[in-house]
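Work through the exercises below with the model in view. Each task is followed by its solution.

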Amino acid sequence: MSPSTRRLTVAQALVRFLTVQYTERDGVRHRLVAGTWGILGHGNVAGVGQALLEAGEAAMPFHQGRNEQAMVHAAVGYARQRNRLSAQAVTTSIGPGATNLVTGAALATINRLPVLLLPGDYFATRTAEPLLQQLEHPVHADVSVNDALRPVSRSFDRVTRPEALVPSALRAMRVLADPAATGAVTIALPQDVQTEAYDWPEEFFAERVWPVRRPAPDPAELDAAVRAVRAARRPLIVAGGGVHHSEAEDALRALVDATGIPVASTQAGKGSLRHDHPADLGGIGHTGTAAAADTARTADLVLGVGTRHTDFTTASGTLFAHPDVRFVNLDVSPADAHKMAARTLVADARCGLEALTAALAGYRVDAAYEAEYRAGRERWEDAVAAAFRADDDGAVPTQSQVLGALDSVVGDEDVVVNAAGSLPGDLHKLWRARSPRQYHLEYGYSCMGYEIPGAIGVQLAAPGTPVWALVGDGTYLMMPTELVTAVQEGLPINVVLVQNHGYASIGGLSEQTGGERFATAYRHRAADGTYTGAPLPVDLAANAASLGMHVLRAATVGELRAALSEARACPRPTCVYVETGTEGPAAPGAAAWWDVPVAEVATRESAVAARTAYERHKARVRRYL
C-alpha cells in the first residue's frame, strides 16, 4: 500500500467517508450524516455492519431499529428538526428489509427531507445465484428489488465495483445537501462488493464541506414580484415548509410587520408566525381555518413561500376564487416555483423575503383589509377556545379537548408530532403554534406509523426537548415497534394514544362520499356479516406497557390534564392512553373542499346524494393559468 492510499473494504471506506462530511450555512458547520440506523441481515451484516463496528460509536453513532420503514421515518424526523442541515443513514439487508424502505423513501422525497439509504444488494459477481430472496426477473437480469427505490429516490446508484464508490458517494452527498434537490438518496451495495478491499486515495477521507447555498433572487424576477404585490389590493402569503427549512421565520415576520399582508400556513409551514401574531390566520386549505379560507377566496394575489401548493392547500383548485387572482412563488426549487402558473422568484426563502421587504418599503395593505382579516382571526380564536373548552373535568374528553388539555401543558420549546388520521385536520385548525419547531406534521405523505419513529428522530436531534407523538389507535396498530427503541435508547418521548375504535378520518370521509363508513370501525362482525358489532376488546395501553413504556391511563378530562403534566416531567418514555367520546365540543368542520371522487352511478341513496354534492363542488374547480 502506497503512502497516498489506504486499504479498506468498500463498506469500511464508505463509513469512514461519511464521518468527515459536513454542511455549512451562514458560517455554521453541521455533521452531514450524524448517525446510522440499521437492521443487520445477510445482505449487510458482514459488510456495512462490520464497518460500523470497526468505526466505533464515537465516529458513527449507531441506532438499532425494529422496522426498516420506521428507521427511515426516524431519520426524516431528525433531518426536519435539524432544518435539513444534518441527516442520518439507514442500512438494511437485501430482500424484504430493502423493500420495506420504499414507503419511508417516498415520504422523505415527497417532503424534500434528506436521508441516506444503504440497502444490501445481490452479488455483483453472480457466483451465488439465485441468491436467497433474489427476484430473478425473467427479462431484466440486472434488476433487483432495490430498483423499487428508483422512483422514490432523488438519487439512486448501485456500486458494482469498489472504485465506483468514490463518484457515487460524492454525488450522494451533493444531493443530500442541496435544498432544491434533496430527498431520499439510495446507494445499493452488493453484499460481495461491500466486503472487497481496495486501495483508496487518502483524499477520499479528507474533511469535506458542502455549502448549503442561499441563492438570492434574480433582479428582474424580484422587480416583477414587487410590482405584482404593489398592484394587489388583497394580497395573501401562504407559508410552506420552506420557511422553516431556510430559518426564515424572522424575515417573514419582518415583511408582515412592514406591509400588513396576512399569512396562512400549510401543514409544513404552520408556526412560521406565532399563533398570536395579529396577521396569522392559521392553517390554509381543506384542513385550515375559516379565517384563512375566507381571506383566500377573495385574495387577488397569493405569495407562496416554500410551498408545493398541494391539493389540500388549494382545496383542489377551488379555494383561490377571485377571478383575477395571480400567484408569485418564492422557492429555492424552480419546479415548485413554477406551480400555479406563477411569477417565479427562485431564491432561498430568507434571502427572498429580505429582498422583498426592502423593495416594498413604504407599501402597506389598506387599513380596511387589515381590520377585516383581523376580525376573522378573532372569530376563529373564539371557535378554538370553544372546541378546547371542557366545563366538566369528570367527562370523557373529545378529541378537541385532548388537544386543549395538551395545549395547556406544553411549553414553547415542546414539539408535537403527527401524520395521519383525523388528528392532522384538528391540529391544523386548532393548534396554537408557539415556536417554529413546535408543530411537526408529516402531511406530504400522511403516512400512518410515522409518529412514533418521527418523534424518536426529533428527540435524537433535540435532546432535552419535550417531544409528543399524537397517535390514534389505527396508526398505533400500524407501527408500535419503535417504542422498544425509545426504551432501549432511554429517549423520553411522550406518546398520546387516542383510542376511538377505528379509522375516524376515513370514516367521516366515507360518510361524506356515500360509503356509509363501510369497513372503517374496529368492531366485531354483526349477524349480517358487517363490522358493526361490539368494539374489539383490545387494550393498547397494556400493549405499550408490554413494550417497556411507562403508561398512564386517563378516563376523564381532569385525569388527562394530570397525566399529560406527569408525562412531560417523566424522565422515561411515557404513554398517555385516553379513550375519546363524542359528547361535547368538536373541531369545526372543513372550511374548504377536497376532491375525493364519488361513484358516478349507484343504487344506494347515500352515494347518489353525495354525487350530487360532489358535482356542485367540482364545477368550481379551476386551473390557474
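**Exercise 1: the lining of a cavity**

Sort the residues that line the largest cavity into nonpolar, polar and charged.

Step 1. The lining divides into seven nonpolar, five polar and six charged residues; Ala, Val, Leu, Ile, Met, Phe, Trp, Tyr, Cys and Pro count as nonpolar, Asp, Glu, Lys and Arg as charged, and the others, Gly among them, as polar.

Step 2. Helix 14 gives the largest share of this lining, four residues (helices are DSSP runs of H or I with at least four residues, strands are runs of E with at least two, both numbered from the N terminus).

The model is predicted: local features need pLDDT of at least 70, side-chain atom pairs count only at pLDDT 80 or more, and totals for chains, interfaces and linings use all residues. Residues are numbered from 1 along each chain as its sequence is written, and side-chain values use heavy atoms, with hydrogens and water left out.

**Exercise 2: an aromatic pair**

Classify the pair formed by Phe-312 and Trp-594.

Step 1. The ring centres of Phe-312 and Trp-594 are 4.4 Å apart and the planes meet at 65 degrees, so the pair is edge-to-face (rings of Phe, Tyr and Trp, the last by its six-membered ring, pair if their centres lie within 6.5 Å; planes under 30 degrees apart are stacked, over 60 edge-to-face, the rest tilted).

Step 2. Phe-312 is buried at 12% relative accessibility, while Trp-594 is partly exposed at 26% (buried is under 20% relative accessible area, exposed over 50%, partly exposed in between, with a 1.4 Å probe and protein chains only).
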